[in-house]
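Please look over the sequence and the 3D structure shown below. The report that follows goes from the whole chain to single residues.

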Amino acid sequence: MRIAMIGTGYVGLVSGACFSDFGHEVVCVDKDARKIELLHQNVMPIYEPGLDALVASNVKAGRLSFTTDLAEGVKDADAVFIAVGTPSRRGDGHADLSYVFAAAREIAENLTKPSVIVTKSTVPVGTGDEVERIIAEVAPNSGAKVVSNPEFLREGAAIEDFKRPDRVVVGTEDEFARQVMREIYRPLSLNQSAPVLFTGRRTSELIKYAANAFLAVKITFINEIADLCEQVGADVQEVSRGIGMDNRIGGKFLHAGPGYGGSCFPKDTLALMKTAADNETPLRIVEATVQVNDARKRAMGRKVIKAMGGDVRGKTVGILGLTFKPNTDDMRDAPSLSIIAALQDAGATVKAYDPEGVEQASKMLTDVEFVENPYAAADGADALVIVTEWDAFRALDLTRIKNSLKSPVLVDLRNIYPPAELERAGLQYTGVGKPSRD
């Protein structure tokens with residue numbers, strides 16, 4: 001089938017590349033001429049493992065192309081996916097849908113055949129209704145059908161998630177649209193029985209927000225349990241394993257740490273809260289989750305200060321990991337931002353290393369020295385803090401780390417090292433949700 005993908009950000013580029021790898025003919029459209037020029041040179045605008053090779057192979061095969069010309073992109077398309085940004089709107093936290101509605105209007109102006117217009121962007125309940133209204137207003141005889149098809153991709157594992165999904169959710173009650181969407185996703189059924197869940201459009205839109213909010217609640221729950229573990233002498237990792245073995249709960253998203261960040265959970269929980277408030281159905285659990293998570297990030301900075309004796313003025317802190325999670329360069333709402341701000345406000349000097357996030361971090365952080373490897377972050381520092389659990393940090397030479405530090409303090413905010421291993425290396429260990437080892 002011929003597919004147009006409007007937007008070459010994280011969702012649009014990964015989805016477009018994967019659809020082309022299924023054998024569909026895909027044109028990715030973006031107004032950013034510089035981004036399209038770089039894609040023509042196989043330079044990815046985002047870091048996602050394996051994406052450059054996937055794009056290159058499908059461009060070479062003639063199934064994937066890029067353009068700034070939306071009219072060219074949607075010409076004769078069987079389906080047009082809207083994959084533009086929906087950031088939090090300044091002032092009130094609602095999702096900013098201006099890019100979605102602008103794309104819908106321009107698509108309608110350029111349709112050449114009855115097509116399925118698919119909202120891939122994360123949008124509040126009722127957005128599809130407005131997209132449908134816009135298309136009917138601009139092109140009343142287009143025969144276009146509007147569908148919701150939310151994405152469930154994890155940054156750092158997006159290609160695998162797309163090709164081997166837990167589920168595909170499609171929101172439409174139109175039979176023509178169902179047939180088109182079945183054909184688009186048919187390659188998934190050739191290798192496995194990935195369930196395609198057809199629902200109403202509003203239900204589909206809510207599924208995405210509800211899923212992200214529930215995962216955010218799960219993360220925040222185990223973080224609060226970690227705080228309790230520290231007070232009562234329990235081990236949060238063992239608690240996580242113990243409750244995660246219950247298949248009603250599951251072990252995923254039960255890893256204590258410095259709080260969630262990224263492009264989805266922060267903005268989606270806010271948008272869901274606003275939708276609920278507008279409909280006089282407040283989601284108090286989600287509201288508490290947002291408040292607790294925001295406070296936790298700054299609290300992790302205070303945790304580092306406490307591990308360093310309570311006074312960091314004039315001291316240097318080495319930071320390992322800046323991105324909100326490993327295998328991405330995404331710095332949006334990363335815990336490192338709040339942690340570093342807390343340390344700097346307390347008078348500390350910060351130097352940091354991240355395998356992929358320095359370029360983005362340098363736009364968001366000031367007065368931070370970015371170094372070339374983990375050992376440079378430790379060299380001469382009064383403490384070393386693991387903020388993001390990159391694989392590159394899991395097998396460090398701990399003796400070298402200890403000898404590089406001015407004071408042998410290591411704060412592991414991701415619990416990637418056994419405390420005894422760090423202590424054998426002569427390091428003063430602080431973890432998350434761990435019993436005191438005094």
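## Overall fold

The chain holds 17 helices and 14 strands, where helices (H or I, at least four residues) and strands (E, at least two) are DSSP runs numbered from the N terminus. This is a predicted model, in which local features need pLDDT of at least 70 and side-chain atom pairs count only at pLDDT 80 or more, while totals for chains, interfaces and linings use all residues. Residues are numbered from 1 along each chain as its sequence is written, and side-chain values use heavy atoms, with hydrogens and water left out.

For 438 residues, a compact globule would have a radius of gyration near 22 Å, and the 23 Å of the chain agrees with this; the radius is taken over C-alpha atoms, and the globule rule is 2.2 Å times the number of residues to the power 0.38. Along the principal axes, the C-alpha atoms fill a box of roughly 75 × 50 × 45 Å.

Among the contacts with a separation of 6 or more, 73% are between residues 24 or more positions apart, a contact meaning heavy atoms within 4.5 Å. Of the 438 residues, 53% count as buried; buried means under 20% relative accessible area, exposed over 50%, and partly exposed in between (1.4 Å probe, protein chains only).

## Cysteines

How many disulfides does the structure hold? There are zero, a disulfide being a pair of cysteine sulfur atoms within 2.5 Å. In general, a disulfide is a covalent bond between the sulfur atoms of two cysteines. The cysteine sulfur closest to that of Cys18 is in Cys28, and because 11 Å lies between them, they are too far apart for a bond. For Cys264 the closest cysteine sulfur is that of Cys18, at 16 Å, which is again too far for a bond. Cys18 is buried, with 0% relative accessibility, and Cys264 also counts as buried, at 19%.

## Two residues with positive phi

Phe253 and Asp333 each have a positive phi although they are residues other than glycine. Phe253 lies in the loop between helix H10 (236–244) and helix H11 (265–278), whereas Asp333 is placed in the loop between strand S9 (316–320) and helix H13 (335–345). The table sets out their values.

| Residue | Phi | Relative accessible area |
|---|---|---|
| Phe253 | near 60 degrees | 28%, partly exposed |
| Asp333 | near 55 degrees | 40%, partly exposed |
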